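Hi there,

Here is the structure I promised to pass on to you.

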Amino acid sequence: MPRIDLSPGDLSGRAFYRLLTAVVVPRPIAWVSTTSAEGVDNLAPHSFFSVASSEPPIVQFTSIGRKDSLRNVEATGEFVVNLAAEPLQREVNATGTDFPPQVSEFDAVGLEREPSAAVGPPRVAASPAVLECRLHSTVSFGRSTVVFGNVVHAAVDAAAMVDGHPEITRLRPLARLGGNEWSAIGEVTELRRVRHADRPGTT
């Protein structure tokens, strides 16, 4: 197929960043709640988010620039990842506003808090699943800092559980795409991984 070849040096400003975020899709959203050293609760979406390790359980999110989430995690060593669900899309987007540090996004957007079980920062009460984390480490790359957190507690809405496991169509997670585009769960298919010993022609 014909391709257009590009390198970071070929594009100016944030153009290569926009290319990356249009190609690395869909991206799950870490809706990160933190509390500042002064006691202000912060809430912000971060779409560079993934599981970093299973044993021990560690998740990661990236702060592009020194945002309140990063400063608060560095100051207190704790954060909560709240699942960003489709019914909360407008609220998730609104918490991405560049409010000053002394303003809590919970209050500005009108989101109810609930206490966490193992860390100080509150949870989003309406989020169907939360991961409470303690800071493991950070790694910086230029303007970006990757935050790694040990998951010390998880809580899932009972209504989202089926046979003891979170069910994707009940969680209804949001994802970010390129530009101002968002996505939600569409068709879900199941395909089991095939063991080598079970492949046709394997002896």
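Strand β2 is mostly covered, with six of its six residues buried. Buried here means under 20% relative accessible area, exposed means over 50%, and partly exposed is in between, using a 1.4 Å probe and protein chains only. Helices (H or I, at least four residues) and strands (E, at least two) are DSSP runs, numbered from the N terminus. On one side of β2 sit Ala30, Val32 and Thr34, on the other Trp31, Ser33 and Thr35, and both faces are covered.

Before going further, a word on the basis: this is a predicted model, where local features need pLDDT of at least 70 and side-chain atom pairs count only at pLDDT 80 or more, while totals for chains, interfaces and linings use all residues. Residues are numbered from 1 along each chain as its sequence is written, and side-chain values use heavy atoms, with hydrogens and water left out.

Back to β2 and its partners. Two strands count as paired if DSSP finds at least two bridges between them. β2 and β3 run antiparallel and are joined by six bridges, with valine 32 bridged to alanine 44 in β3. Together β2 and β3 make a hairpin with five residues between them, and glycine 39 in that turn has a positive phi of about 95 degrees. β3 is mostly covered as well, with five of its six residues buried. β2 also pairs with β6, in the antiparallel sense and over four bridges; there, alanine 30 stands opposite leucine 83.

Two bridges link β13 (residues 175-176) to β14, and alanine 175 has serine 183 as its bridge partner.

The largest nonpolar core has 12 residues, among them Ala30, Val32, Phe49, Phe61, Val81 and Cys133. A nonpolar core is a set of buried Ala, Val, Leu, Ile, Met, Phe, Trp, Tyr and Cys residues joined through side-chain atoms within 4.5 Å. At least two residues of this core come from each of β2 (30-35), β5 (58-64), α2 (68-76), β6 (78-83) and β10 (144-156). Leaving out residues up to four places away in sequence, phenylalanine 49 touches Pro28, Ile29, Ala30, Val59, Gln60, Phe61 and Val81, a contact being heavy atoms within 4.5 Å. There is also a second, separate core of 10 residues, which includes Ala84, Leu88, Leu111 and Val124.

Which residues lie nearest the centre of the largest pocket? They are Pro45, His46, Lys67, Gly96 and Arg176, out of 34 lining residues. On a 1 Å grid over the protein atoms alone, a pocket is an open set of points where a 1.4 Å probe fits, with protein on both sides within 12 Å along at least five of seven lines, and lining residues have an atom within 4 Å of a point. The volume of the largest pocket is about 770 Å³, a volume being the space filled by probe spheres set on the points. β3 gives the largest share of its lining, four residues. By class, that lining has 10 nonpolar, 13 polar and 11 charged residues. Here Ala, Val, Leu, Ile, Met, Phe, Trp, Tyr, Cys and Pro count as nonpolar, Asp, Glu, Lys and Arg as charged, and the others, Gly among them, as polar.

The second largest pocket holds about 510 Å³ of space. It is lined by 24 residues, of which Pro28, Phe49, Leu83, Leu171 and Pro173 lie nearest its centre. This lining divides into 20 nonpolar, three polar and one charged.

Finally, the overall picture. The chain has five helices and 14 strands, and buried residues make up 35% of its 203 residues. Its C-alpha atoms fill a box of roughly 65 × 50 × 30 Å, taken along the principal axes.

Best wishes
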